[in-house]
Amino acid sequence: MQDAARVPEALREVWAEKKDEIAPSSGRSLDFTHPFSLEQNWEVTDDFVISLLSDTVVTINVACCRSITDESIKAIAAGCPSLESLNVWECVRLTDESIKAIAAGCPSLESLNVW
């Protein structure tokens, strides 16, 4: 798990308050819009997203996090085999490589929002 020093400054308060709730060991769904929202937060980085991944994550919502790249999505594909729902709407730096990685690495995926 990522320490607070590597979390973008704008997210440090949220990280401090919520890190235990969204820790991968909790087995909870990783959903960046509930109970708190990072939607349209351009400071969410690949490192931040990757630090929260685990093989028990079933839902990831990083809609409008315009700084994330294929690196995040490839890590999700490799590290979240139980993923059922992924929302990458308005993640404008993603390419076809992300979709290919998700298709190959997430056999349980039921919902993919790219628009």
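Which residues form a nonpolar patch on the surface? Select Ile99, Leu112, Val114 and Trp115. Together they have about 450 Å² of accessible area. Remember as you look that this is a predicted model.

Stay with Leu112 for a moment. Leu112 lies in strand β3, which covers residues 111–113. Its relative accessible area is 37%, so Leu112 counts as partly exposed.

**The whole chain**

Now zoom out and switch to a cartoon view. Follow them from the N terminus: the order is α-α-β-α-β-α-β. The protein has 115 residues, and 42% of them count as buried.

**Into the core**

Select Ile60, Val62, Ile68, Ile76 and Leu83. These belong to the largest nonpolar core, which has 22 residues, and they touch the most other members. Now colour α2 (46–51), α3 and α4: each of them supplies at least two residues of this core. Which element gives the most to this core? The answer is α3, with three residues.

Select α4, residues 96–105. Which residues of α4 are buried? Pick Ser98, Ala101, Ile102 and Gly105. They sit on the same side of α4, because they cover an arc of only 95° around the axis. What do the buried residues of α4 pack against? Show α3 and β2 to see their partners.

Turn to the other side of α4. Asp96, Lys100, Ala103 and Ala104 are exposed there.

**Salt bridges**

How many salt bridges does the structure hold? There are two. Side chains of opposite charge can pair when their charged atoms come close.

Lys100 and Glu97 are three residues apart in helix α4, so about one helical turn separates them. An α-helix has 3.6 residues a turn, so residues three or four places apart point the same way. Are the two partners buried or exposed? Lys100 counts as exposed, at 52% relative accessibility. Glu97 is partly exposed, at 37%.

Now select Glu90 and Arg66. Their side chains meet in a salt bridge, at 2.9 Å from N to O. This pair links distant parts of the chain, 24 residues apart. Glu90 is in the loop between β2 (85–87) and α4, while Arg66 is in the loop between β1 (59–61) and α3 (70–79). Both ends are partly exposed: Glu90 has 26% relative accessibility, and Arg66 has 32%.

**Last stop: Ala63**

Where is Ala63? Look in the loop between β1 and α3. Is Ala63 buried or exposed? Ala63 counts as buried, because its relative accessibility is 3%. Ala63 and Asn113 are 50 residues apart in sequence, but 8.7 Å apart in space.

How values were computed: Residues numbered from 1 in each chain as written. Predicted model: local features only at pLDDT ≥ 70, side-chain atom pairs only at ≥ 80, totals over all residues. Heavy atoms only, no water. Salt bridge = Lys/Arg side-chain N within 4 Å of Asp/Glu carboxyl O. Helix = DSSP H or I, 4+ residues; strand = E, 2+ residues; numbered from the N terminus. Buried < 20%, exposed > 50% of the residue type's maximum accessible area, 1.4 Å probe, protein only. Core = buried A, V, L, I, M, F, W, Y, C linked by side-chain atoms within 4.5 Å. Patch = residues over 30% accessible without salt bridge, like charges linked within 9 Å, V, L, I, M, F, W, Y side chains within 5 Å. Areas by Shrake-Rupley, 256 points an atom, 1.4 Å probe, with all protein chains shown as cover. Arc of directions from axis to C-beta. Contact = heavy atoms within 4.5 Å.
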